[in-house]
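Welcome, and thanks for taking a look at this structure. Here is a short briefing to read alongside the sequence and the 3D view.

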Amino acid sequence: MQLYSVGLDCERLEKQEYIQEFEDTYKYLNVCNKEADNCSRCEKCIRTMAGFHCLGTLERYKDVFDIEYYKHNFAKCMGLLIGKKFDGTAEGNIDAALVKT
């Protein structure tokens, strides 16, 4: 098996905007590096949900993320992201998600 890294020239939100057009991602997208399935509580899961929230497509991913947890704990989720240091792309996700609320 060979793995290829693609999309290095794109920002995280641009990648999410691209993949949201593929219906298979609504059932099979897995970004979590803590659990076999998306835990919806770690930094990576929350950052991904925030991105889809910004794009207005979070509801499409109800089968792979605990969207209700994200909605009910939005302030906590944003606090987790703000408290972490990212490469700059996540900050845009946070700002856009905060504007959406």
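## A first contact to find

The side chains of Lys71 and Glu59 meet in a salt bridge, with N and O 2.4 Å apart; a salt bridge here is a side-chain nitrogen of Lys or Arg within 4 Å of a carboxyl oxygen of Asp or Glu. The pair links distant parts of the chain, 12 residues apart, with Lys71 in helix 4 and Glu59 in the loop between helix 3 and helix 4.

This is a predicted model, in which local features need pLDDT of at least 70 and side-chain atom pairs count only at pLDDT 80 or more, while totals for chains, interfaces and linings use all residues. Residues are numbered from 1 along each chain as its sequence is written, and side-chain values use heavy atoms, with hydrogens and water left out.

**The overall picture**

- The protein chain has 6 helices and 0 strands; helices (H or I, at least four residues) and strands (E, at least two) are DSSP runs, numbered from the N terminus.
- Read from the N terminus on, the order of elements is α-α-α-α-α-α.
- Of the 101 residues in the protein chain, 39% are buried. Buried means under 20% relative accessible area, exposed means over 50%, and partly exposed lies in between (1.4 Å probe, protein chains only).
- Accessible areas come from the Shrake-Rupley method with a 1.4 Å probe, and for residues only the protein chains shown count as cover.

**Salt bridges**

- How many salt bridges does a search of the whole structure find? The search finds 4.
- Returning to the opening pair, Lys71 is partly exposed at 42% relative accessibility, and Glu59 is partly exposed at 44%.
- Glu59 and Lys71 also belong to a network of salt bridges that includes Glu68.
- Another salt bridge joins Arg41 and Asp66, whose closest N and O atoms are 3.3 Å apart. Arg41 lies in the loop between helix 2 and helix 3, and Asp66 in the loop between helix 3 and helix 4 (67-72), so the pair ties together parts that are 25 residues apart in sequence.
- From C-alpha to C-alpha, Arg41 and Asp66 are 8.6 Å apart in space.
- Arg41 is partly exposed, with a relative accessible area of 39%, and Asp66 is partly exposed at 31%.
- Glu43 and Arg47 form a salt bridge too, with their closest N and O atoms 3.7 Å apart. These two residues are 4 apart in helix 3, which means about one helical turn separates them.

- Which residues of helix 5 (residues 74-82) are buried? They are Phe74, Cys77, Met78 and Leu81.
- Why do these residues share a side of helix 5? They cover an arc of only 95° around the axis, which puts them on the same side; the arc is that of the directions from the helix axis to the C-beta atoms.
- As a general point, an α-helix has 3.6 residues a turn, so residues three or four places apart point the same way.
- On the face turned away from the buried side, helix 5 carries the exposed residues Ala75 and Lys76.

**A charged patch on the surface**

- Asp9, Glu11, Glu14, Glu17 and Glu21 gather in a surface patch of negative charge.
- Patches are made of residues with over 30% relative accessible area and no salt bridge, with like charges joined within 9 Å. Lys and Arg count as positive and Asp and Glu as negative, while His and the chain ends are not counted; a charge is placed at NZ of Lys, CZ of Arg, CG of Asp or CD of Glu.

- Ser40 sits in the loop between helix 2 (25-28) and helix 3 (43-55). Its phi is near 65°, a positive value in a residue other than glycine, and Ser40 is buried at 1% relative accessibility.
- Tyr28 is found in helix 2 and is exposed, with a relative accessible area of 64%.
- Tyr28 and Val64 are 36 residues apart in sequence and 6.8 Å apart in space, C-alpha to C-alpha.

Technical notes:
Patches are made of residues with over 30% relative accessible area and no salt bridge: like charges are joined within 9 Å, nonpolar side chains (Val, Leu, Ile, Met, Phe, Trp, Tyr) within 5 Å.
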